[in-house]
Amino acid sequence: MNFEFSADQKFIQQQAREFLSVKCTTQQVRTVLDGGDALDEALWQDVIKLGWTGTTIPESYGGLGLSHLELCVIAEELGRALAPIPLSSSLYLATEILLMAGSEKQKQSWLPRLAGGDVRATVQVPPGGAGRLYPTVQHKDGTLRSESCVVADAGIADFIIVAAEDEEGIGLFLITTDQEAVVISPTTAIDPTRPLFMVALNDATSERVGGAGDGADILGNCIDRAAVLVAFEQVGGASACLDMGREYTTNRYAFGRPVASFQAIKHKLADMFVAIELARSNAYYGAWALSTDAADLTLAAAAARISAGDAYFACSKENIQAHGGMGFTWEFDCHLYYRRAQHLSLLLGGQRYWKNRLVDQIKLNHAA
Amino acid sequence: MDFNDTAEQAAFRAEIREWLSVNATARQPNQGVQDLGSVFRRAKEWYKKVYDAGYACHTWPKEYGGGGRSQIEAVIWSQEVANYAEPDGYFVIGQGNCGPALMALATEEEKRRLLPRMASAEDVWCQLFSEPGAGSDVAGLRTRAVQADDSDWRINGQKIWTSGAQFSQYGVILCRTDPDVSKYRGLTMFYIDMEQAGVEVRPIVQMDGGQHFNEVYFNDAVVPDSWRLGEVGGGWSAALTVLMNERMAISGVQPNGFSEFLQFCLSAELADGPAIDDPVVRDRLADWYCKDAGLRNANSRMLTAISQGGIPGAEASLGKLVGAAMNQEIANFVLQEIGPEAAVCDEQFAAMQANFQKAILFSPGIRLAGGTDEVMRNIIAEQVLGLPQEPRADKGIPFCDIPTGSSS
C-alpha cells in the first residue's frame, strides 16, 4: 500500500505554497474583497505562466499533461491561500467536461486556448435536489432559453457550459458570452472574492457538448470529479484556520497565561485537527479514485465533499471564536475563510444533494 | 498512490493465507456469549499454534521468540486473521506493552528466558499502572515499593483497571519508591510474580454487568531487586517507553459501530417503511459513513507512514477519540429510531441480537479506557499541535506535599 502523494507531487505542492505565499497574501486577497474586482488579474496571469490552467490538459492540446493528483496538491494550496481566481470554474469544471465529452473539433478549438489562458470558461451548476440535478434551462433547435440563474465567474468567462432540457432529455450545451442573447449581471455574494453572476438566456445560440440526453450523467460525473478537487481547497482552507487559531491563542495571554493553555481552547483546536484529518484522509481517497477512474468515485467524492465541507465550516467558525471579538472584525482575516467555506460548500451543491447521492450509491452497491 | 502490496508483502500475505486456511477456525454467525475462562483457554491454545508456526510477535527479534519482521507485515497478519474466528490482540497488553519494556530494560538473560514464553502466551502478562487515585494523572500513583535490608522490594497498595490480571503469571508494575521528591522522579518500574501470596485479584463488575477488568491488591508482595526495570526513580521514562509502544501496537481501526449501523440501515423495517428511506436515517448514515471512511483512510495513511519507516505519533489517538464517541451516538440513534420496543434487551427479541442495547451500556467505557476523550484531546493539542500545558498545581513540589481530595 502507498496511500501518499509522491515526492514529485509533494515538490509541486511545496512550490505552489511558496509561490502563493508571495503572490497571494491575504493582503492581496483583500484588494479583490475591497476593490470589487472579479479576480486578481495579476495572480491569474502568473498562474497561466506556471501552466496551472492546463494542468490536466494533454500535451497534444497544449497543456501540461499531468494527472489529477498533481492538480489535487495545487488545489490544496489555492484553498489555503484563498486564491481569488476562477480556476475551479475554468479548469475543474469547464475543461473537464470538454475532456470528458467534447468532440475532437471542440477540444482542438478550446483546450489550447484554455491551457494558454487566452479564454476562461465556467459551468452552470443546476440546483441540486436530493441526489440529482434539476436543470432550469430549455433547449430548442440549438437555442437556449432561461430565466436568471446563478453562475460562478460568468462575467469573466468567454463561454459557459449549461445543462438544458429538451424532448430527448438533458443535454449539455456550450454558449459563448459575446452574444446579446446572453445577459450577465453582477450580484453580491457571501464571498465577494469569488464572484457570482446572474445569467439570463434569451434564445442564445449554442453548440451541443456530448450526445443528446446524456447531459445528466456527464455533468453528474464532472461534478463528482470537481468535488474531489474542491475538497482539497476546503482542506487547505481549514488547515489555514487551524494554523491561524493556534498562532493567535498561543501568543495571546489572559489571566496571566497563554489562551492556548486553557483546555477549553486546546480541545477546540484538537477537534479542528480531528475534523481536518478525517477530511484530508477522505480527500486522499477521492484523489486516488479520481486519478484511477475507480468505480468507487461517486462514493469517494461524496465522502470527500461532505467531510471537507463540515471541516471547513467547523474550522472557520471556531477560528473566529478562538479570536474572540477581534475575530468578528472586518480587519482580521477570519471572515475571509468563513466566507470562502460557505462559497465552496455551496458551489457544487449543498449537503442535501451530496448526502442523498452518497446514500443512493450505498443502496446501489448493496443491491448489486 | 495505490493500494497494492509490494511483491514481498504479497508473498507474505499468500503464505499466511495458506497457513490460516489450514489452521484457523472459520467465522460463524452468532457464536453467542462464551464465558471469559473458556475464551481465554482457547486463545492460549491458538497463540501457541501461531508461535510454533513462527507467526507470533512479528516485529520482535527471532532470538526473543518473534518473527523478525516489519510493522507492515504485522498489519498484514492482523488483516488476514480478522477473516477468521480466532482471537487476535488478545494478549496485546503483555506482548504490545510489557514485551517492549522488557526488551528495552531487562538483561539479556531475562529477555531470552521471559520473552519467548510471552510470545507463545505460555506466560501471560498484565500492566499495573492505573490506581483508584491515579487515572488520567497516572504519575500520581501511590502504590509503595520499599527496599528491605535483604535488597528485595516489598509492594503495598492497590492497582485498578488491570485487564487479564486473573490469568497473568507476571505483571509490569509502576510503584512509588520515593515520596519526598517530585512526583515524576519518585517512580520505579518492576516486573512482579502475580501468583505469589501477597497479590490478590478481584474482578470489577462494570455498569453493563461485564467483568473485563480487575482490582489488584498488594500486601507485602515481594519483588527481587534484579526484577527492577530501569533505574530506581527512572520509572516515568520507562512508562513512557511502554505507552509509546502501546501506540505502535494499534494496527487496526478501533471498532466504532458503523458496520452494525450500516447493517441496520440496509435491513431494518420501521413501522412506516424501510429504515434506509427515512430522511433522518439517511442524513445520519451519510455523516457516519464519512467518519468511518475518514478513519479507514487515515489508517491507510498511517500504515503508509509506518511502511516508509515512520513511527505513528499522537495522530493514532484519532481513531479512539472519534470511534468511541461515534459508537455511543450510533447506539442511541438506532434505539430512538426503533422506539418503545428498543427498550427490550433480550437477545431473543431485540434486533440484531440486542447489539445496540448492549452497545448503549458498554460504550461509555470505550470513551474512558486507554485514555479518556479529554486526555486524547490534550495529547493531540500538546503533542501534535504543540500547545502549552495547563499550569499545574503539583509542579516542583515533593509528592508527599501534593494536595489530594477524598474522592478515589
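How many residues of chain A are in contact with how many residues of chain B? In this predicted model, 39 residues of chain A are in contact with 36 residues of chain B, two residues being in contact if their C-beta atoms, placed from the backbone, lie within 7 Å. Residues are numbered from 1 along each chain as its sequence is written, while chains are lettered from A and ligands numbered from 1 in the order in which they are written. Because the model is predicted, local features need pLDDT of at least 70 and side-chain atom pairs count only at pLDDT 80 or more, whereas totals for chains, interfaces and linings use all residues.

On the side of chain A that touches chain B, the elements giving two or more residues are helix H7 (215-251), strand S10 (257-258), helix H8 (263-292), helix H9 (297-322) and helix H11 (351-367) of chain A. Helices (H or I, at least four residues) and strands (E, at least two) are DSSP runs, numbered from the N terminus. H8(A) gives the most, with 17 residues. By class, this side of chain A has 21 nonpolar, 11 polar and seven charged residues. Ala, Val, Leu, Ile, Met, Phe, Trp, Tyr, Cys and Pro count as nonpolar, Asp, Glu, Lys and Arg as charged, and the others, Gly among them, as polar.

Chain A divides into domain 1 (7-116), domain 2 (121-212) and domain 3 (216-367), with bounds from an automatic or database domain assignment. The C-alpha centres of domain 2 and domain 3 of chain A are separated by 28 Å. Their contact takes 15 residues from domain 2 of chain A and 18 residues from domain 3 of chain A. The domain 2 side of this contact has nine nonpolar, four polar and two charged residues.

Helix H5 (residues 87-101) of chain A packs against H7(A). Their axes come within 10 Å and cross at roughly 140°. Axes are lines fitted to C-alpha atoms, for helices over the stretch in contact, and angles run from 0 to 180 degrees between N-to-C directions. H5(A) and H7(A) are therefore oblique to each other; angles under 35 degrees count as roughly parallel, over 145 as roughly antiparallel, 65 to 115 as roughly perpendicular and the rest as oblique. The crossing is right-handed. A crossing is left-handed if the near helix is turned anticlockwise from the far one by less than a right angle, and right-handed if clockwise. Residues of H5(A) in the contact include Tyr92(A), Leu93(A) and Ile97(A). Those of H7(A) include Ile218(A), Cys222(A) and Leu229(A). The contact has 10 nonpolar, two polar and two charged residues.

Chain B is assigned domain 1 (12-24 + 36-90), domain 2 (125-246) and domain 3 (252-384). The C-alpha centres of domain 1 and domain 2 of chain B lie 29 Å apart.

Strand S7 (residues 213-223) of chain B runs antiparallel to strand S3 (residues 153-160) of chain B, joined by eight bridges. Strands pair if DSSP finds at least two bridges between them. Gln158(B) stands opposite Tyr217(B) in S7(B). Strand S6 (residues 199-204) of chain B is also antiparallel to S7(B), through six bridges. Here Val199(B) has Phe218(B) as its bridge partner.

Helix H7 (residues 258-267) and helix H8 (residues 279-307) of chain B pack at about 150°, with their axes 11 Å apart. H7(B) and H8(B) are therefore roughly antiparallel to each other. Their crossing is left-handed. Phe258(B), Phe261(B) and Cys265(B) of H7(B) meet Val281(B), Leu285(B), Trp288(B) and Asp292(B) of H8(B). These residues divide into six nonpolar, no polar and one charged.
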